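Subject: Structure for you to look at

Hello,

Here is the structure I promised to pass on. My notes on it follow below.

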Amino acid sequence: MIHELLLALSGYPGTIFTWNKRTGLQVSQDLPFLHPSETSVLNRLSKLGSDYMRFTEFIEQHTGHVHQQEHHMNQQNQTVLHGIYLRAFCTGLDSMLQPYRQALLDLEREFLGDPHLTISHVNYKLDQFQLLFPSVMMVVETIKSQKIHGCQILETVYKHSCGGLPPVRMALEKILAVCHGVMYKQLAAWMLHGLLLDQNEEFFVKQGPSAGGAAANQEEEEEDLGLGGLSGKQLRELQDLRLIEEENMLAPSLQQFSLRTEMLPSYIPIRVAEKILFVGESVQMFENHTHGPSRAVILSKISQIICIMKELNALFILGSILKHQEDTFATELHKLKQQPLFSLVDFENLIDRIRSTVAEHLWTLMVEESDLLEQLKIIKDFYLLGRGELYQVFIDLAQHMLKTPPTAVTEHDVNVAFQQAAHKVLLDDDNLLPLLHLTIDYQGKDCKEATGPRDGATPPQDTSPREVPPTGWAALGLTYKVQWPLHILFTPAVLEKYNVVFRYLLSVRRVQSQLQHCWALQMQRKHLKSTQMDAVKWRLRNHMAFLIDNLQYYLQVDVLESQFSQLLQQINSTRDFESIRLAHDHFLSNLLAQSFILLKPVFHCLNEILELCQSFCSMVSQSMAPLDERGTAQLDLLVKGFRRQSSLLFKILSSVRNHQINSDLAQLLLRLDYNKYYTQAGGTLGR
């Protein structure tokens, strides 16, 4: 019977020890020579055999041939457990059972040498597994019942290993070490070669945008990432500016990747996962550009060949993005893989070294080789109206073609006018002008933004892209073909946000120009006798010009110049590309906020004021003759509307001027009311 017991404990039941799927392995009840106490001891030992048989069944089920497993998975529509992490868990589970098998072999050897040994000796020798097997079985049942998948297996094993029983903890830590081997291999492929080897969606990095629903707990969201004092939550908010695959670039587009947070084990913080994501994205971008050059670009214009040669020269000089340290980092990852226990300190230190190497290399390529500062100056000159004389000439040339609803030929005419304006102000950069193109979104045109602006950007106009824009100015946009590798910083989503600011600044500049034109008309007629209505008209123009001039000065000096100088200072004070990207995201976010584009009450009020100013300028430009009854009524409406909107603007600015968070509102109020004239007039202009 002893040999029957050893065979049953090895997973081979017989007539004395029978197997039942529901109750497991049990000693037969119809054996008259067994004492009840012996039956109790044998049933206690049979539980070990039951757990062992279930373990081996689980292992055989999930460690079959890969192709057979994939075929079975497709048949079951992926409802069964599968994946490389599960196979690694089974491998670790099998190694955990090896001491048990060895103990059975030792018992058989002992019984062959001494046939007088009792069942109590078997119970004594296998007592160490009485605590271990039920605890490990709980892990297996959890994986089966909850269909734990991928890196979630790491989390499950880790939680069960945090108990107070040393045998259980040590066994589960060995299983966890085997599962970590798969994670380290995926990390090596992702961080060192830019390869996302994840056919079964088990890794915590995925291709595509973030789901946005699952996030880390509040404590982790507030953890400092070591990047300019930003927390994880702030980083994810800022990274909303980094979206969408690139299109129409000179090099292959950078695919978008994000974190699959539900797969991230709790013992790996979000800040570390963000660094892993950044390194892999950067390496992947370099691999794509190195191995997939665009033949169309090479065979295109001669001016573009110069750009390509610069890129290839940069790659030749700078070499690998990891500075040829792939073997070194791979060796260190292998050393971490060999450690019996996972050490977050050692793990994060290695991730930080890899990230620092990549970030410094990207900084060199961006700032020194690709001249990032010059690119930012181009963005400032054209998107943020830094070349004011260019847009002043452009407004004069394009005014007649953009004051009406756009047509199919408007875009071509506008770009011709833009080229003429550039030549008039001696902007003869042959390499720059082909990269800039003005766009017009008119009814019937296939527009990428037909579903609305991306990333929650507030459009500067209330008109929907599906409707006919009232004027060409409302449909005007600017595109800029960004060269590799700057496209990872100036993504289409980022350029669209620049476009929002561009349209807003251009509308303010255009109204200011129209009011100045009205002043010129007034100066031409100052020698003529004026009526009371003329005085009302020119006083209204004076008040409008006062408000618009101060708004323009606030936007260009207090917002744009101030934020741009801070951005340049931050770029020059670091050699970390990720810090540059965060600084640029801060810069763009501050532009949208301090320009009131994101503050709907102020933005709507300013838009109403701009429309009133345009209506006034149109009325003045159409006729300089004394106003008739209809013109007087129209002027009266404009005066009342401007008073109402200026009073509303004053109330909004005054209500928040004592709040630190709205210091930009207080700054605009200071410019408008620096001598308390606004306050003394009851917060109303136009009286």
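Is strand E5 (residues 436-440) largely enclosed by the rest of the structure or exposed, and why? Four of its five residues are buried, so E5 is largely enclosed. Buried means under 20% relative accessible area, exposed over 50%, and partly exposed in between, with a 1.4 Å probe and protein chains only. Strands are DSSP runs of E with at least two residues, helices are runs of H or I with at least four, and both are numbered from the N terminus.

Before the rest, two remarks on the source. This is a predicted model, in which local features need pLDDT of at least 70 and side-chain atom pairs count only at pLDDT 80 or more, while totals for chains, interfaces and linings use all residues. Residues are numbered from 1 along each chain as its sequence is written, and side-chain values use heavy atoms, with hydrogens and water left out.

E5 runs antiparallel to strand E6 (residues 476-480), and five bridges join them; two strands pair if DSSP finds at least two bridges between them. Within this pairing, Thr439 is opposite Gly477 of E6.

Next, the aromatic rings. The structure has 21 aromatic pairs. Rings of Phe, Tyr and Trp (its six-membered ring) pair if their centres lie within 6.5 Å; planes under 30 degrees apart count as stacked, over 60 as edge-to-face and the rest as tilted. Trp190 and Phe257 are edge-to-face, because their ring centres are 4.9 Å apart and their planes stand at 65°. This pair links distant parts of the chain, with Trp190 in helix H9 (residues 166-193) and Phe257 in strand E4 (residues 257-259), 67 residues apart. Trp190 is buried at 0% relative accessibility, and Phe257 is buried at 6%.

Tyr554 and Phe596 form a stacked pair, 5.5 Å centre to centre with 10° between the planes. Tyr554 lies in helix H21 (residues 532-572) and Phe596 in the loop between helix H22 (577-594) and helix H23 (600-622), so the pair ties together parts 42 residues apart in sequence. Tyr554 is buried, with a relative accessible area of 1%, and Phe596 is buried, also with 1%.

Ring pairs also link Phe382, Tyr383, Tyr391, Phe394, Phe418, Tyr498 and Phe502 into a cluster.

Finally, the charged end of Lys380 sits over the ring of Phe564, 5.5 Å from its centre. The rule for this is NZ of Lys or CZ of Arg within 6 Å of the ring centre and within 35 degrees of the ring normal.

Regards
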